Amino acid sequence: MTEYFLPADDAELVALRGFAREHARLVRLHEDPRYVVAREPAATRRVGVVSGGGSGHEPLHGGFVGRGMLDAAVPGRIFASPHNRQVFAASLEVARDEGVLHIVKNYTGDRINFGIAAERLRDQGIRTERVLVDDDIATESDETKTGRRGTAATVVVEKVVGAAAEEGLGLDALAEVGRQVASKARSVAVASRAHTAPAGGLAFDLAEGELEYGVGIHGERAAASVANDGVAQTVDRMLADLQAHTRGVDPGVGTVVLVNGLGSATSLELSAIAELACAGLERRGVEIADVVTGTLVPALDMRGFSLTLVPMDQQELARWQAPCETAAWRLA
């Protein structure tokens, strides 16, 4: 049985301490309640930018705290929303004259806890707005009451919003920047093996030669498993589905392509997938503005990957490519 190299007692806190020690130049850990905060936020910022979510998706979100991205990140337990007390305390610390912007993935627990924190902040006289990330086309259905899940596009929103925050945008303008990017971002994920549950054993079983097409980052099963016809055919199907869900979206100056590993995909594999995806998009007449690969939003050790497409205008692309320095991402 596969096991994680994690301590038995409060593994998330021990890991956070290790992360903060390793990146002490960039971040500081507040333990009670738990959150990670940037040590040297830009003086130009008029709005604090906060995100968060369950552990098990590292480097999301703490790995993107720092210059050019987040002011603070709030971690929950593995695959669990952070408590509103954490969100409130982190937001209170990083709030600026114009208030706080929350970047929230579309999950019920996240929405509720960030919502309660926002109400408490407003009671303190601190203006608060939210950008909801809902990019996963696997849950875009009339039968899905909660709507699209928030997945790998969260990184794209955090990067563009973070760069805009450095420019000194006010709260309303910054929220609109994030909402515009989120509205255009779409993702889909596949897996050939589930993640290992912390208690041991695989979260779900797949027959040999099958893929879970439309898997969630917490191990949520797809509507149906499909035959694994090879990576080229799988990527082509993913692109077709993503494009079908972005018809009518302004193509802008080009599309940012994010190839995200779900935990056990190698760099070699992700680079090959990126080439297949970009070549497939070019055959479809899509202009590629940028491509990024990496394990940025994993699901513990799941064997799989996701594709995210985000059409951008010139200003969004400039912010996407603006300098940043965080534990998980550095652009000079």
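What follows is a short tour of a predicted model, taken topic by topic.

## The nonpolar cores

Start with the largest nonpolar core, which has 58 residues. If you want to find it on screen, colour the residues with the most contacts inside it: F64, L101, V157, L174, M312, W320 and W329. Helix α4, residues 153–166, gives this core its largest share, 8 residues. There's also a second, separate core of 23 residues, and I137, V188, A274 and A277 are among its members.

L101 is a handy one to zoom in on. Leaving out neighbours within four places in sequence, L101 is in contact with V47, G48, V49 and V50, with E129, R130 and V131, and also with V161, L171, L174 and A175.

## L70, a loop residue

Now look at the loop between β4 (66–67) and β5 (72–78), where you'll find L70. Is L70 buried or exposed? L70 counts as buried, because its relative accessibility is 0% and the cut-off for buried is under 20%.

Who are its neighbours? Setting aside residues up to four places away in sequence, L70 touches A38, R45, V49, S51, H61, F64, V65, I103 and E158. For a sense of distance, L70 and V156 are 86 residues apart in sequence, yet their C-alpha atoms are 12 Å apart in space.

## A parallel strand pair

Strand β11 (residues 254–261) and strand β12 (residues 288–294) run parallel, joined by 6 bridges. One you can check by eye is V256, whose bridge partner in β12 is D290.

To get from β11 to β12, the chain passes through helix α7 (residues 267–283), and this β-α-β crossover is right-handed.

## The cavity

How many cavities of 30 Å³ or more does the structure hold? There's 1, and the largest cavity has a volume of about 60 Å³. It is lined by 13 residues, with T151, A152, A189, I217 and S306 the closest to its centre. Strand β8 (residues 186–193) gives the most to that lining, with 3 residues.

## The largest pocket

Last stop: the largest pocket, which holds about 420 Å³ of space. Its lining has 24 residues, and those nearest the centre are A15, L16, S55, G56 and E58.

Which element supplies the largest share of the lining of the largest pocket? That's α1, with 6 residues. α1 (11–22), β3 (48–55) and β5 each supply at least two residues of this lining.

Definitions and conventions:
Residues are numbered from 1 along each chain as its sequence is written. This is a predicted model: local features need pLDDT of at least 70, side-chain atom pairs count only at pLDDT 80 or more; totals for chains, interfaces and linings use all residues. Side-chain values use heavy atoms; hydrogens and water are left out. A nonpolar core is a set of buried Ala, Val, Leu, Ile, Met, Phe, Trp, Tyr and Cys residues joined through side-chain atoms within 4.5 Å. Buried means under 20% relative accessible area, exposed over 50%, partly exposed in between (1.4 Å probe, protein chains only). Helices (H or I, at least four residues) and strands (E, at least two) are DSSP runs, numbered from the N terminus. Contact means heavy atoms within 4.5 Å. Two strands pair if DSSP finds at least two bridges between them. A crossover is right-handed if, with the strands pointing away from the viewer, the path from the first strand over the helix to the second runs clockwise. On a 1 Å grid over the protein atoms alone, a cavity is a set of points where a 1.4 Å probe fits but cannot get out, and a pocket is an open set with protein on both sides within 12 Å along at least five of seven lines; lining residues have an atom within 4 Å of a point. Grid points are joined across faces, edges and corners, and a volume is the space filled by probe spheres set on the points.
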